[in-house]
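Colleague: Please show me the chain and its model. I would like to go through it with you.

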Amino acid sequence: MDFGLAFSYVFKDPDWFKKIALVAVIALIPIIGQMVLIGWGLEISHRVIHRDPVPLPDVDFGRDLSMGFKAFVVSLVYSLPIIVVSIPYSIIMAAVSDGASSNGDFAIAVLSLCFTLFAFLYGLALAMVFPASMGLLASEGTISAALNLKDVFALIKAAPVAYLLVLLAELIAGFISPLGAIACGIGVL
(Lines give C-alpha, C1' and ligand atoms only; values in the text may rest on other atoms or scores of the structure.)
Protein backbone atom coordinates (compact mmCIF):
# COMPACT_ATOMS: atom_id res chain seq x y z
CA MET A 1 0.00 0.00 0.00
CA ASP A 2 1.53 3.30 -1.10
CA PHE A 3 0.32 5.93 1.39
CA GLY A 4 2.44 8.62 -0.28
CA LEU A 5 0.47 8.22 -3.49
CA ALA A 6 -2.72 9.01 -1.57
CA PHE A 7 -1.40 12.54 -1.08
CA SER A 8 0.30 13.07 -4.45
CA TYR A 9 -2.01 11.64 -7.13
CA VAL A 10 -4.29 14.67 -6.99
CA PHE A 11 -1.58 17.02 -8.22
CA LYS A 12 -0.82 14.82 -11.24
CA ASP A 13 -4.12 15.88 -12.83
CA PRO A 14 -3.72 19.16 -14.77
CA ASP A 15 -7.24 20.28 -13.75
CA TRP A 16 -6.87 19.29 -10.10
CA PHE A 17 -7.57 22.75 -8.68
CA LYS A 18 -10.78 23.20 -10.67
CA LYS A 19 -12.04 19.74 -9.66
CA ILE A 20 -11.21 20.19 -5.97
CA ALA A 21 -12.68 23.71 -5.89
CA LEU A 22 -15.95 22.51 -7.45
CA VAL A 23 -16.27 19.67 -4.95
CA ALA A 24 -15.48 22.07 -2.09
CA VAL A 25 -18.30 24.38 -3.19
CA ILE A 26 -20.73 21.46 -3.61
CA ALA A 27 -19.78 20.19 -0.14
CA LEU A 28 -21.21 23.42 1.31
CA ILE A 29 -24.73 22.29 0.32
CA PRO A 30 -26.29 20.78 3.45
CA ILE A 31 -26.78 16.97 3.38
CA ILE A 32 -26.90 16.65 -0.43
CA GLY A 33 -23.45 18.16 -0.81
CA GLN A 34 -22.00 15.71 1.68
CA MET A 35 -23.53 12.79 -0.20
CA VAL A 36 -22.08 14.09 -3.47
CA LEU A 37 -18.69 14.45 -1.79
CA ILE A 38 -18.81 10.86 -0.51
CA GLY A 39 -19.95 9.59 -3.91
CA TRP A 40 -17.13 11.49 -5.61
CA GLY A 41 -14.66 9.91 -3.18
CA LEU A 42 -16.07 6.48 -3.98
CA GLU A 43 -15.61 7.21 -7.70
CA ILE A 44 -11.96 7.98 -6.96
CA SER A 45 -11.72 4.66 -5.12
CA HIS A 46 -13.37 2.90 -8.06
CA ARG A 47 -10.82 4.37 -10.43
CA VAL A 48 -7.90 3.41 -8.18
CA ILE A 49 -9.21 -0.15 -7.76
CA HIS A 50 -9.54 -0.51 -11.53
CA ARG A 51 -6.15 1.12 -12.13
CA ASP A 52 -7.50 4.07 -14.12
CA PRO A 53 -4.58 6.29 -15.15
CA VAL A 54 -6.60 9.42 -14.26
CA PRO A 55 -7.97 8.71 -10.77
CA LEU A 56 -9.32 12.23 -10.15
CA PRO A 57 -12.76 12.36 -11.83
CA ASP A 58 -14.86 15.29 -12.87
CA VAL A 59 -17.94 15.82 -10.72
CA ASP A 60 -21.01 14.04 -12.06
CA PHE A 61 -23.67 15.33 -9.67
CA GLY A 62 -26.23 12.57 -10.32
CA ARG A 63 -23.75 9.67 -10.26
CA ASP A 64 -21.95 11.00 -7.20
CA LEU A 65 -25.19 11.71 -5.33
CA SER A 66 -26.41 8.18 -6.11
CA MET A 67 -23.18 6.60 -4.83
CA GLY A 68 -23.22 8.84 -1.77
CA PHE A 69 -26.78 7.74 -0.99
CA LYS A 70 -25.74 4.09 -1.37
CA ALA A 71 -22.89 4.73 1.08
CA PHE A 72 -25.40 6.29 3.50
CA VAL A 73 -27.63 3.20 3.28
CA VAL A 74 -24.68 0.87 3.87
CA SER A 75 -23.58 3.00 6.85
CA LEU A 76 -27.09 2.93 8.27
CA VAL A 77 -27.36 -0.86 7.94
CA TYR A 78 -24.00 -1.43 9.62
CA SER A 79 -25.00 1.02 12.38
CA LEU A 80 -28.34 -0.69 13.11
CA PRO A 81 -27.00 -2.90 15.93
CA ILE A 82 -25.78 0.08 17.92
CA ILE A 83 -28.99 1.99 17.18
CA VAL A 84 -31.14 -0.96 18.26
CA VAL A 85 -29.19 -1.28 21.54
CA SER A 86 -29.11 2.48 22.17
CA ILE A 87 -32.87 3.00 22.12
CA PRO A 88 -33.75 0.62 24.98
CA TYR A 89 -30.61 1.73 26.85
CA SER A 90 -31.75 5.35 26.67
CA ILE A 91 -35.27 4.47 27.76
CA ILE A 92 -34.00 2.39 30.70
CA MET A 93 -31.54 5.10 31.74
CA ALA A 94 -34.27 7.75 31.66
CA ALA A 95 -36.65 5.59 33.71
CA VAL A 96 -34.05 4.47 36.25
CA SER A 97 -32.47 7.87 36.75
CA ASP A 98 -35.79 9.39 37.87
CA GLY A 99 -36.13 7.12 40.89
CA ALA A 100 -32.46 6.34 41.51
CA SER A 101 -31.45 5.08 44.92
CA SER A 102 -28.08 3.77 46.08
CA ASN A 103 -28.98 0.37 44.56
CA GLY A 104 -30.17 2.15 41.44
CA ASP A 105 -26.86 3.99 41.14
CA PHE A 106 -25.01 0.67 41.02
CA ALA A 107 -27.40 -0.68 38.38
CA ILE A 108 -26.97 2.47 36.31
CA ALA A 109 -23.18 2.18 36.55
CA VAL A 110 -23.21 -1.48 35.50
CA LEU A 111 -25.62 -0.83 32.64
CA SER A 112 -23.55 2.15 31.48
CA LEU A 113 -20.35 0.13 31.62
CA CYS A 114 -21.89 -2.73 29.62
CA PHE A 115 -23.28 -0.38 27.00
CA THR A 116 -20.02 1.57 26.73
CA LEU A 117 -18.01 -1.64 26.34
CA PHE A 118 -20.40 -2.92 23.65
CA ALA A 119 -20.33 0.42 21.81
CA PHE A 120 -16.52 0.54 21.95
CA LEU A 121 -16.04 -3.02 20.68
CA TYR A 122 -18.68 -2.66 17.98
CA GLY A 123 -17.18 0.65 16.91
CA LEU A 124 -13.75 -0.92 16.67
CA ALA A 125 -15.11 -3.81 14.59
CA LEU A 126 -17.03 -1.36 12.41
CA ALA A 127 -13.87 0.69 11.85
CA MET A 128 -12.26 -2.45 10.38
CA VAL A 129 -15.31 -3.58 8.38
CA PHE A 130 -16.41 -0.22 6.99
CA PRO A 131 -13.41 0.50 4.71
CA ALA A 132 -13.67 -2.97 3.19
CA SER A 133 -17.40 -2.56 2.60
CA MET A 134 -16.86 0.88 1.04
CA GLY A 135 -14.19 -0.66 -1.20
CA LEU A 136 -16.70 -3.24 -2.36
CA LEU A 137 -19.29 -0.52 -2.90
CA ALA A 138 -16.79 1.50 -4.95
CA SER A 139 -15.69 -1.53 -6.95
CA GLU A 140 -19.07 -3.15 -7.60
CA GLY A 141 -21.37 -0.14 -7.28
CA THR A 142 -24.09 -2.05 -5.43
CA ILE A 143 -25.36 -1.96 -1.87
CA SER A 144 -25.61 -5.75 -1.80
CA ALA A 145 -21.88 -6.07 -2.55
CA ALA A 146 -21.05 -3.76 0.36
CA LEU A 147 -23.33 -5.70 2.73
CA ASN A 148 -21.98 -9.13 1.77
CA LEU A 149 -20.18 -9.94 5.02
CA LYS A 150 -18.49 -12.99 3.51
CA ASP A 151 -16.74 -10.82 0.90
CA VAL A 152 -16.03 -8.05 3.41
CA PHE A 153 -14.33 -10.45 5.83
CA ALA A 154 -12.47 -12.12 2.95
CA LEU A 155 -10.96 -8.74 2.05
CA ILE A 156 -9.94 -8.09 5.64
CA LYS A 157 -8.54 -11.60 6.04
CA ALA A 158 -6.51 -11.23 2.81
CA ALA A 159 -4.78 -8.05 4.04
CA PRO A 160 -5.26 -7.56 7.80
CA VAL A 161 -2.21 -5.32 8.16
CA ALA A 162 -3.51 -2.98 5.47
CA TYR A 163 -6.84 -2.63 7.28
CA LEU A 164 -5.07 -2.05 10.59
CA LEU A 165 -3.05 0.70 8.89
CA VAL A 166 -6.29 2.20 7.57
CA LEU A 167 -7.70 2.08 11.11
CA LEU A 168 -4.57 3.78 12.43
CA ALA A 169 -4.76 6.41 9.67
CA GLU A 170 -8.42 7.05 10.56
CA LEU A 171 -7.51 7.57 14.21
CA ILE A 172 -4.65 9.92 13.35
CA ALA A 173 -6.83 11.86 10.90
CA GLY A 174 -9.51 12.07 13.60
CA PHE A 175 -7.03 13.82 15.89
CA ILE A 176 -5.38 16.00 13.25
CA SER A 177 -8.49 17.21 11.43
CA PRO A 178 -10.01 19.14 14.35
CA LEU A 179 -6.65 20.77 15.04
CA GLY A 180 -6.43 21.85 11.41
CA ALA A 181 -10.01 23.11 11.49
CA ILE A 182 -9.06 25.29 14.41
CA ALA A 183 -5.98 26.53 12.54
CA CYS A 184 -7.56 28.44 9.63
CA GLY A 185 -9.87 25.71 8.35
CA ILE A 186 -7.08 23.57 6.85
CA GLY A 187 -8.36 20.42 8.58
CA VAL A 188 -11.68 20.67 6.80
CA LEU A 189 -9.85 20.23 3.48
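Modeller: Helices (H or I, at least four residues) and strands (E, at least two) are DSSP runs, numbered from the N terminus. This is a predicted model, where local features need pLDDT of at least 70, side-chain atom pairs count only at pLDDT 80 or more, and totals for chains, interfaces and linings use all residues. Residues are numbered from 1 along each chain as its sequence is written, and side-chain values use heavy atoms, with hydrogens and water left out.

Colleague: How many helices and strands does the secondary structure of the protein come to?

Modeller: Read from the N terminus, the elements run α-α-α-α-α-α-α-α. The count is eight helices and zero strands.

Colleague: Which element has the lowest mean pLDDT, and which the highest?

Modeller: pLDDT is the predictor's confidence in each residue, from 0 to 100. The protein averages 85, and 87% of the residues score at least 70. By element, the lowest mean, 64, belongs to helix α1 (residues 3-8), and the highest, 96, to helix α6 (residues 143-147).

Colleague: What percentage of the residues count as buried?

Modeller: Buried means under 20% relative accessible area, exposed over 50%, partly exposed in between (1.4 Å probe, protein chains only). The protein has 189 residues, and the buried share is 28%.

Colleague: Which residues are in contact with Met134, leaving aside its neighbours within four places in sequence?

Modeller: Met134 is among the residues with the most contacts inside the largest core. Beyond its sequence neighbours within four places, its partners are Leu42, Ala71 and Val74.

Colleague: How many residues are in the other core, apart from the largest one?

Modeller: Its members include Tyr9, Val23, Ile44 and Leu56. This separate core has a total of six residues.

Colleague: At what angle do the axes of α2 and α3 cross?

Modeller: Axes are lines fitted to C-alpha atoms, for helices over the stretch in contact, and angles run from 0 to 180 degrees between N-to-C directions. The axes of α2 (residues 16-26) and α3 (residues 32-49) come within 8 Å. Their crossing angle is roughly 145 degrees.

Colleague: How many nonpolar, polar and charged residues does the contact of α2 with α3 have?

Modeller: From α2 come Ile20, Val23 and Ile26, and from α3 come Gly33, Val36, Leu37 and Trp40. Ala, Val, Leu, Ile, Met, Phe, Trp, Tyr, Cys and Pro count as nonpolar, Asp, Glu, Lys and Arg as charged, and the others, Gly among them, as polar. The tally is six nonpolar, one polar and no charged.

Colleague: Is Ser112 buried or exposed? With which side chain does its side chain make a polar contact?

Modeller: Ser112 sits in helix α5 (residues 102-140). Ser112 is buried, because its relative accessibility is 19%. A polar contact is a pair of N or O atoms within 3.5 Å; within protein, one must be able to donate a hydrogen and the other to accept it, and residues adjacent in sequence count only if both atoms are side-chain atoms. At 3.2 Å, the side-chain partner of Ser112 is Tyr89.

Colleague: Is Glu43 buried or exposed?

Modeller: Glu43 belongs to helix α3. Leaving aside neighbours within four places in sequence, Glu43 touches Pro57, Arg63 and Asp64 through contacts. Its relative accessibility is 13%, so Glu43 counts as buried.

Colleague: What is the phi of Ile31?

Modeller: Most residues other than glycine have a negative phi. Ile31 lies in the loop between α2 and α3 and is exposed, at 61% relative accessible area. Ile31 is not a glycine, yet its phi is positive, about 60 degrees.

Colleague: And what is the phi of Arg51?

Modeller: Arg51 is in the loop between α3 and α4. Its relative accessibility is 72%, so Arg51 counts as exposed. Though not a glycine, Arg51 has a positive phi of about 55 degrees.

Technical notes. Contact means heavy atoms within 4.5 Å. A nonpolar core is a set of buried Ala, Val, Leu, Ile, Met, Phe, Trp, Tyr and Cys residues joined through side-chain atoms within 4.5 Å.
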